[in-house]
Amino acid sequence: MKKNWPILVVDDEEVMCESMAAWLREDGYHVDTAPNGQKALELARAADYAICFVDLKMPGGMDGIETMMEIHRIRPEASIIIITAYATVDTAIQAMKEGAQEYIVKPCNPQEISMLVSRILKLKKLQSENAILRKKLTRQYRHHDVITKNPRMEEILTLTQEVSSLRSTVLIRGESGTGKELIARAVHFSGNRADKPFIVVSCAALTETLLESELFGYEKGAFTGATAQAKGKFELANGGTIFLDEIGDISSKLQADLLRVLQERRFYRVGATRRSRWMCASSPPPTRILPRKCRREISAKICTIAST
Amino acid sequence: MNELCIVAIGSVPGNALQWVENATSEWFPLPIRCLPSLPIPNGAYDAKRGQYQSVEFMKMLARSAPPDASRVLGITDVDLAIPMLSFLFGQAQFDGPVAVVSLCRLHQQFYGLPEQEGLLRERTVKEALHELGHTFGLVHCSQPTCAMSLATHIELVDAKAEHYCERCGLKLVQRFAREEGI
């Protein structure tokens, strides 16, 4: 894993460059060194460095801040660590403002450097995995992945494309097995929320009390067994889409709670305001179930755009 | 024949070279030779930090290595550092011929505690195996008990065993089989 994250050390002092590089190589990293900003940029053009240690003061030519800014221009993803023997508050503020990930004063404790490098690389690994997974998901749920020759279905796909970037609530109706969730995913992954979470809640599979805590989350001590605060599905779907499968099956009490969230388009948790798009699915046609089971107001809210 | 040479740099505790020789003979199938002591290199002392620059020790070892030496391990009792780091227990040329171990921070006295020769021996052996491991291409090991695990403070040195883990040991054996034709 470590070989995939090359490191660049930029310092005009050869001893500093070589000793630091030797120390990092012992940890299994591929390390390059540069005696000045120009050489650093030349190397950064050729290799995608995960971390660049850049000395703040380098005589002649580019200083550390300039070098950092230029490296960032070439490699925006690179984490720059500014190192200096002469730390001042001003230089630290300037370095951080210009995009340095860390500002460290040499000499450092070996543990500090070791932890810093592994923390940055752990984050990079997670970001990279996340990007790969999102790409896979997006690819999996693109519109043209829904295979159909049915003109009615094609109409629905056109409609999903139109609504994919809107903030409106979407109601998807259809018999069991007709692909309601697939359409929901197509809406989510083709819109501008594709990089945000897509959360599925099966309303029919949960009891009223369980569904309430699943949707809204709970605070520690809210009920017996709530030993710690837990995020609800709304909070998890922050900025993305929440798909309420079989919404027709929820109780009247929970409908009232949902109505409040739908009307205000936000819900409240301690210290946070969250917003996410709604998608609901109903297996029996709502026109048939609504008078009996669904409140008129909630029906109006979720039927902003309905596709059958 | 390629040898593994051990050399004291400056004054070191009497048995230190013997401890290292005994431990390394178990792991490295090379003739082991203790060389005459070397002086502390000129210009290595950093008066501002009150420490010695490790790089100067490495350069001196590389210069003074006998022609038939495969690896040279220097043992010193002074406090080593590099410009970036506040101290080092040791340093090695990765996959290269020279390494150095500092005993300074391996002494209990350094931490204001009564000296324990047994503990100093254990720590010396662990760090010598660690740095020599680097010279044979071993990187830091994730197993805290392996001699190749990274120790950034003395408690981590004490957590290590006086041997390599199975995986690092195997890599070493494979390396010798490849390099020495054993």
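Analyst: The following dialogue moves from the two chains to a sheet, a residue, a helix and the contact between the chains. Please note that this is a predicted model.

User: Let us begin with the chains. How many helices and strands are there in chain A, and how many has chain B?

Analyst: Chain A contains twelve helices and 14 strands. Chain B has five helices and eight strands, and along its sequence they follow the pattern β-α-β-β-β-α-β-β-β-β-α-α-α. Of the 308 residues in chain A, 32% count as buried; in chain B, buried residues make up 43% of 182.

User: What share of the contacts with a separation of 6 or more joins residues 24 or more positions apart in chain A?

Analyst: In chain A that share is 68%. For chain B, the corresponding share of contacts with a separation of 6 or more is 63%.

User: How should I read a sheet?

Analyst: Strands of a sheet pair through backbone hydrogen bonds, in either a parallel or an antiparallel manner. In chain A, five strands form an open sheet in the order β2-β1-β3-β4-β5, and their pairing is parallel.

User: Which strands of chain A stand at the edges, and why is one side of each left without a neighbour?

Analyst: The edge strands of chain A are β2 (31–34) and β5 (102–105); each has a single partner strand, so one side of each has no neighbour in the sheet. From one strand to the next, the twist averages 20 degrees.

User: What does one pair of strands look like in detail?

Analyst: Take β1 (residues 7–10) and β3 (residues 51–55) of chain A, which pair in the parallel sense over four bridges. Within β1, the residue A:V10 stands opposite A:V54 in β3(A).

User: Which helix lies across β1, β2 and β3 of chain A?

Analyst: That is helix α1 (residues 14–25) of chain A, which runs at about 170 degrees to β2(A).

User: May we examine a single residue of that helix? Is A:C17 buried or exposed?

Analyst: A:C17 lies in helix α1 of chain A. A residue counts as buried if 20 or more other C-beta atoms lie within 10 Å of its own. A:C17 has 23 within that distance, and is therefore buried.

User: With which residues is A:C17 in contact, leaving aside its neighbours within four places in sequence?

Analyst: A:C17 is then in contact with A:V9, A:D11, A:T33 and A:P35. A:P35 is 18 residues from A:C17 in sequence, while their C-alpha atoms are 7.7 Å apart in space.

User: How is a helix read from its buried residues?

Analyst: An α-helix has 3.6 residues a turn, so residues three or four places apart point the same way. Consider helix α1 (residues 16–27) of chain B: its twelve residues reach 17 Å from first C-alpha to last, close to the 16 Å expected at 1.5 Å a residue. In α1(B), the residues B:A16, B:L17, B:W19, B:V20 and B:A23 are buried. They cover an arc of only 155 degrees around the axis, and so they are on the same side of α1(B).

User: Against which elements do the buried residues of α1(B) pack?

Analyst: They pack against β1 (3–9), β2 (32–38), β5 (69–76) and α3 (117–135) of chain B.

User: Finally, how many residues does the contact between the chains take from each?

Analyst: The contact takes 20 residues from chain A and 19 from chain B. On the side of chain B that touches chain A, α2 (54–64) and β7 (90–92) of chain B are the elements giving two or more residues. The residues of that side comprise ten nonpolar, nine polar and no charged.

Conventions. Residues are numbered from 1 along each chain as its sequence is written. Chains are lettered from A and ligands numbered from 1 in the order in which they are written. This is a predicted model: local features need pLDDT of at least 70, side-chain atom pairs count only at pLDDT 80 or more; totals for chains, interfaces and linings use all residues. Two strands pair if DSSP finds at least two bridges between them. Axes are lines fitted to C-alpha atoms, for helices over the stretch in contact, and angles run from 0 to 180 degrees between N-to-C directions. Two residues are in contact if their C-beta atoms, placed from the backbone, lie within 7 Å. Ala, Val, Leu, Ile, Met, Phe, Trp, Tyr, Cys and Pro count as nonpolar, Asp, Glu, Lys and Arg as charged, and the others, Gly among them, as polar. A residue is buried if 20 or more other C-beta atoms lie within 10 Å of its own, exposed if 12 or fewer, and partly exposed in between; C-beta atoms are placed from the backbone. The expected span of a helix is 1.5 Å times one less than its number of residues. The arc is that of the directions from the helix axis to the C-beta atoms.
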